[in-house]
Amino acid sequence: RCVMANDAPAIPISVVKAVQQMKTGRIISEEPVKPYMWLNYVGMPKNAMELRMHRVLESCPFKTATSYVVGYAFGGALGLLTAGLDPTIVGEPGKAATISTRQALREMLDRGKSLAKNFALIGAMFAGTECLLESYRGKSGMSNSVAAGCITGGAIGLRAGVTAAVAGCGGFAAFSVAIDYFFRYR
């Protein structure tokens, strides 16, 4: 049977029943409407290759290496940008500095490499620490990222002393809270 409404195309009665069931939550026919199997991806069994790939992609070494590569690329791009905006080559006092293209490119590359290494190291330390904490605790949550931020900031600041390590711990932990809150609850 079909339902017609004001010269609208005919709608099969099974569709009308399904829509009514979705609206009201009541089962209209004896048999509830079931989604197609291909729509239920979560419940589908995975083959051995998919399980292996899942284990690799969720492993701590993979997450750490990925953060290293992404941090290196981001830091390199940021270094090239900042070197172009803020040249550090100075000439004689009172005169404008004239630099060659070669000097400008050399400075851009040096700053790009420096920031790339720093961002890569920080990203790898943070991701590796967070993954290890998550694996050890068996829980995923904001406390893992706060602890990872504190450990990473403290380790980086420790080269400058205990005060810098405490400040780095607090700063990185606060930044981790802000980022985690933004991505989870925005």
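Select Cys60 and Cys131: their link is left-handed, with -85 degrees about the S-S bond. The sulfurs sit 2.1 Å apart, S to S, in a disulfide (a pair of cysteine sulfur atoms within 2.5 Å). This is a predicted model, where local features need pLDDT of at least 70, side-chain atom pairs count only at pLDDT 80 or more, and totals for chains, interfaces and linings use all residues. Residues are numbered from 1 along each chain as its sequence is written, and side-chain values use heavy atoms, leaving out hydrogens and water.

**Stop 1: the Cys60 to Cys131 link**

Cys60 lies in helix α3 (residues 60-85) and Cys131 in helix α4 (residues 101-137). Helices here are DSSP runs (H or I, at least four residues), and strands likewise (E, at least two), numbered from the N terminus. The two cysteines are 71 residues apart, so this pair links distant parts of the chain. Buried or exposed? Both Cys60 and Cys131 are buried. Buried means under 20% relative accessible area, exposed over 50%, and partly exposed in between, with a 1.4 Å probe and protein chains only.

**Stop 2: the other disulfide**

The structure holds two disulfides. Now select Cys150 and Cys169, joined at 1.7 Å, S to S. This link is left-handed, with -70 degrees about the S-S bond. Cys150 is in helix α5 (residues 142-157), Cys169 in helix α6 (residues 162-185), 19 residues apart. Colour by accessibility. Cys150 is partly exposed, with a relative accessible area of 26%. Cys169 counts as buried, at 19% relative accessibility. Counting bonded cysteines along the chain, the disulfides follow the pattern 1-2, 3-4.

**Stop 3: α5 against α6**

Two packed helices are described by the angle between their axes and the distance between the axes. Select α5 and α6. Their axes come within 7 Å and cross at roughly 150 degrees. Axes are lines fitted to C-alpha atoms, for helices over the stretch in contact, and angles run from 0 to 180 degrees between N-to-C directions. That crossing angle makes α5 roughly antiparallel to α6. Angles under 35 degrees count as roughly parallel, over 145 as roughly antiparallel, 65 to 115 as roughly perpendicular and the rest as oblique.

Show the side chains. On α5, the contact residues include Met142, Val146, Cys150 and Ile156. On α6, they include Cys169, Phe172, Asp180, Tyr181 and Arg184. Contact means heavy atoms within 4.5 Å. By class, the contact has twelve nonpolar, eight polar and two charged residues. Ala, Val, Leu, Ile, Met, Phe, Trp, Tyr, Cys and Pro count as nonpolar, Asp, Glu, Lys and Arg as charged, and the others, Gly among them, as polar.

**Stop 4: α4 against α5**

The axes of α4 and α5 come within 8 Å and cross at roughly 135 degrees. That makes α4 oblique to α5.

Which residues of α4 meet α5? Ile122, Met125, Phe126, Thr129, Glu130, Leu133, Glu134 and Arg137 do. Their partners in α5 include Asn144, Ala148, Ile151 and Ile156. The contact of α4 with α5 has nine nonpolar, six polar and three charged residues.

**Stop 5: Thr129**

Finish on Thr129, in helix α4. Thr129 counts as buried, at 18% relative accessibility. What does Thr129 touch? Not counting residues up to four places away in sequence, Thr129 touches Ala148, Ile151 and Thr152.
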